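Please find below a colleague's note on the two-chain model that you asked me to read. The points are numbered so that each can be checked against the coordinates.

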Amino acid sequence: MPALSSTMTEGKIVEWLKNPGDKVERGESVLVVESDKADMDVESFHDGFLASIVMPAGSSAPVGETIGLIVETADEIASAQANAPSTLPQAAANQDKESPSSQTQKKQASVDSSQATAIKQTPPVPDYSVNNEQFLNDGRIVASPRAKKLASQMGVDLATVRGSGPHGRIQAEDVQSAKGQPISIPWIAESNAPARIVSDMPLKEKKSVDTDKPPSAGKSFGSRGETIAFNTLQQAVNRNMEESLNTPCFRVGYSILTDELDSFYQQVKPNGVTMTALLAKAVGLTLARHPQVNAAFSSEGIAYPSQINVAVAVAMEDGGLITPVLQKADETSLADLSLQWADLVKRARNKQLEPQEYSSGTFTLSNLGMFGVDRFDAILPPGTGAILAVGASLSKVVASKDGSISIKKQMQVNLTADHRVIYGADGALFLKDLSYLIEKNPYSLSS
Amino acid sequence: MNKKLHSVSPESGPNSNLDLTPQLAQFSSAFLFEPKNIVPFETALGWQKNIQKSLIEKPFSSQAVWFLEHFSCYTIGRGSDMKNLLFDENKSPLPVFRIERGGEVTHHMPGQIVGYLVLDLGLHKKDLSWYLRELEQILIDVLDLLGIEGTRVDGLTGVWCEDKKVGSIGIGCKRWVTQHGFSLNVNCDLIGFEKIIPCGLNNVKLGKLSDWIPGIKVCDVKPLLRETVRRRFKLNWENI
């Protein structure tokens with residue numbers, strides 16, 4: 001019995017939409033549960049067959065109770081039915097997710113991997129991202145039309161392709177990457193900068209545009225002569241950007257040498273640490289020492305958030321952008337930040353982010369370094385005090401204090417801040433401190 | 001573009017969490033439909049289904065809200081007890097629709113505002129109980145704007161004025177995308193309720209706003225609902 005609300009303790013089964021023995025597809029409604037005056041269609045997480053209804057329509061069951069069994073193959077229906085818990089709740093209570101398979105000893109070895117899955121859900125309820133482990137297809141292949149076409153053109157067996165789309169759907173890019181081809185539309189601009197814009201990166205990391213190659217064509221949502229309506233996300237961005245016109249912003253820039261950071265990055269990269277995590281952590285640690293730059297304007301005064309949450313702007317392939325948030329960037333380890341970021345970006349792509357995962361930022365990072373951009377400025381998102389625009393790290397002839405000249409990697413950053421909360425000196429000191437951390441002390445990021 | 005409807009003013013209600021600074025998430029978009037003519041029940045059902053389907057298939061597509069009136073009919077939920085119909089279903093004086101919502105039988109008729117909300121609770125809060133309470137609060141807030149005190153009754157869903165039920169709620173939900181919503185009796189004829197046990201509640205007394213505010217009409221209440229719904233669910237009405 002799924003929890004339909006945080007306060008729900010039991011639910012009533014209104015109707016089973018499937019009968020025992022019926023085939024059930026992943027995402028298909030299997031039953032209707034009622035709690036209070038609300039009906040919820042409950043769906044299967046798996047392809048398979050409804051083997052047994054444990055709790056009949058009209059009965060009520062506590063949250064978490066097994067209410068029915070779904071098996072993977074038609075052969076298993078009979079054994080699952082034989083072993084199905086009785087409709088008595090106390091008998092059902094000791095049935096756990098794995099038990100039907102352990103009880104079906106008589107089954108032949110060929111179905112050893114299959115097991116009955118109890119429709120037993122505990123909060124948080126239907127989260128369609130939980131099936132990430134199941135992406136390798138077992139029989140039924142779900143792929144986009146373009147992926148299917150590409151697969152046949154390229155001679156790729158879709159059964160071997162790991163789908164990255166919703167519910168493991170195979171996308172065109174998955175086919176390309178399975179074939180080892182570079183992904184042609186890396187339109188989630190994942191911030192990998194200060195860009196090591198060199199081609200010695202492994203293919204998977206190579207989301208950046210290589211400046212040695214001819215630039216790829218720009219992106220467009222419509223054809224010549226057309227006017228294309230804004231999508232919802234674009235409209236949301238529009239509103240937020242217009243809102244910034246009511247904010248008195250100023251900009252302050254800084255050039256930061258990144259040779260040390262780059263060499264530190266090379267050391268930690270094998271541990272799965274990404275540049276986004278490094279930058280977020282550097283910003284987080286610096287914000288911890290400059291709380292004013294983490295603050296925001298509110299009608300009551302200067303609002304100091306209880307956490308340092310670094311949002312990182314990510315462009316969406318179909319327009320608009322979203323800002324997944326790395327919570328407590330100052331306190332979280334680089335490895336955790338990297339993992340969280342990979343997960344956030346993946347789910348952002350599938351539009352599965354929860355609101356608090358993209359709306360709770362207290363400071364924003366925007367990075368166009370991977371495109372070779374040397375400098376730009378960003379628009380302040382409403383509700384925050386500052387945003388940092390990060391350019392590419394490029395080789396520059398640098399004169400040091402003693403007058404000697406050398407070639408160093410340099411990255412330009414540009415802070416846009418709300419002057420009602422953050423003053424020029426606050427911004428300057430923040431940047432100076434950030435620069436010191438990145439130039440002289442990147443190893444402290446791993447602490 | 002209507003400047004007023006699109007302005008993003010950070011409204012800090014009692015539930016707002018100051019620690020969470022608002023960005024993209026604060027507002028989501030919805031179409032607002034307020035048909036001037038009375039709408040057959042099945043027509044509006046089709047509208048809702050379409051939007052719900054597209055929201056399920058394409059997250060981030062637009063949500064929608066309707067405020068409308070229906071021709072007289074009865075609707076019953078999938079789990080409804082037929083005993084609450086005090087007549088033979090096949091010899092019903094009015095059309096009866098069996099629909100995918102919670103709750104027992106209810107009655108719609110001109111003079112009653114029906115509010116349908118097809119919202120993606122993923123953008124709001126994945127909690128059906130919360131959602132029902134929010135719908136109640138919307139009705140209570142609208143009554144408050146009219147100078148009437150609306151109340152909840154413990155353990156029941158809906159909104160009462162004194163001892164009379166004026167607002168009913170029933171929703172359906174699929175992948176956290178809602179359908180159906182609420183009805184609010186404004187100046188309707190309540191006689192049709194005598195042929196059913198509304199909401200399965202014996203001895204429930206029904207009321208309408210014109211009992212308290214003589215002469216009030218649906219068109220007086222709609223603008224209040226529109227604004228209250230918009231604020232409570234932080235919606236931006238999208239241009240149609």
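**Notes on the predicted model**

1. Between the chains, 41 residues of chain B are in contact with 46 residues of chain A, two residues being in contact if their C-beta atoms, placed from the backbone, lie within 7 Å. On the side of chain B that touches chain A, the elements giving two or more residues are α3 (128-145) and β9 (164-174) of chain B, and β9(B) gives the most, with six residues. Here helices (H or I, at least four residues) and strands (E, at least two) are DSSP runs, numbered from the N terminus. By class, this side of chain B has 17 nonpolar, 16 polar and eight charged residues, where Ala, Val, Leu, Ile, Met, Phe, Trp, Tyr, Cys and Pro count as nonpolar, Asp, Glu, Lys and Arg as charged, and the others, Gly among them, as polar.

2. As to conventions, this is a predicted model, in which local features need pLDDT of at least 70 and side-chain atom pairs count only at pLDDT 80 or more, whereas totals for chains, interfaces and linings use all residues. Residues are numbered from 1 along each chain as its sequence is written, while chains are lettered from A and ligands numbered from 1 in the order in which they are written.

3. The two chains also share strand pairing: strand β4 (residues 38-43) of chain A is joined to β9(B) by four bridges, and the two run parallel. Two strands pair if DSSP finds at least two bridges between them. Within this pairing, Asp39(A) has Gly172(B) of β9(B) as its bridge partner.

4. Strand β5 (residues 48-53) of chain A is mostly covered, with six of its six residues buried; a residue is buried if 20 or more other C-beta atoms lie within 10 Å of its own, exposed if 12 or fewer, and partly exposed in between, with C-beta atoms placed from the backbone. Strand β2 (residues 23-24) of chain A is joined to β5(A) by two bridges in an antiparallel arrangement, in which Lys23(A) stands opposite Phe49(A). Four bridges join β5(A) to strand β7 (residues 68-71) of chain A, again antiparallel, and in β7(A) the bridge partner of Phe49(A) is Val71(A).

5. Strand β1 (residues 10-16) of chain A takes part in two pairings that deserve a look. With strand β6 (residues 60-62) of chain A, β1(A) runs antiparallel over three bridges, and Glu10(A) stands opposite Pro62(A). With strand β3 (residues 29-35) of chain A, β1(A) pairs in the antiparallel sense over four bridges, and Lys12(A) stands opposite Glu34(A).

6. Six strands of chain A form an open sheet of mixed pairing, in the order β9-β18-β17-β16-β12-β15. Its edge strands are β9 (249-257) and β15 (325-326) of chain A, each of which pairs on one side only. Strand β12 (residues 310-312) of chain A meets β15(A) in the antiparallel sense over two bridges, with Leu326(A) as the bridge partner of Val310(A).

7. Helix α8 (residues 275-289) of chain A and helix α10 (residues 334-349) of chain A have axes that come within 8 Å and cross at roughly 120°, where axes are lines fitted to C-alpha atoms, for helices over the stretch in contact, and angles run from 0 to 180 degrees between N-to-C directions. The contact is made by Thr276(A), Ala277(A), Leu278(A), Ala280(A) and Lys281(A) of α8(A) and Leu334(A), Leu337(A), Ser338(A) and Trp341(A) of α10(A); these divide into six nonpolar, two polar and one charged.

8. α8(A) also packs against helix α12 (residues 424-440) of chain A at an angle of about 135°, with the axes 9 Å apart. The residues in contact include Val283(A) and Leu285(A) of α8(A) and Phe430(A) and Leu434(A) of α12(A), and the contact has seven nonpolar, one polar and two charged residues.

9. In chain B, Thr75(B) lies in strand β3 (residues 73-77) and counts as buried because 24 C-beta neighbours fall inside 10 Å. Thr75(B) and Phe97(B) are 22 residues apart in sequence and 4.6 Å apart in space, C-alpha to C-alpha. Not counting residues up to four places away in sequence, Thr75(B) touches Phe41(B), Phe97(B), Ile99(B), Thr106(B) and His108(B).
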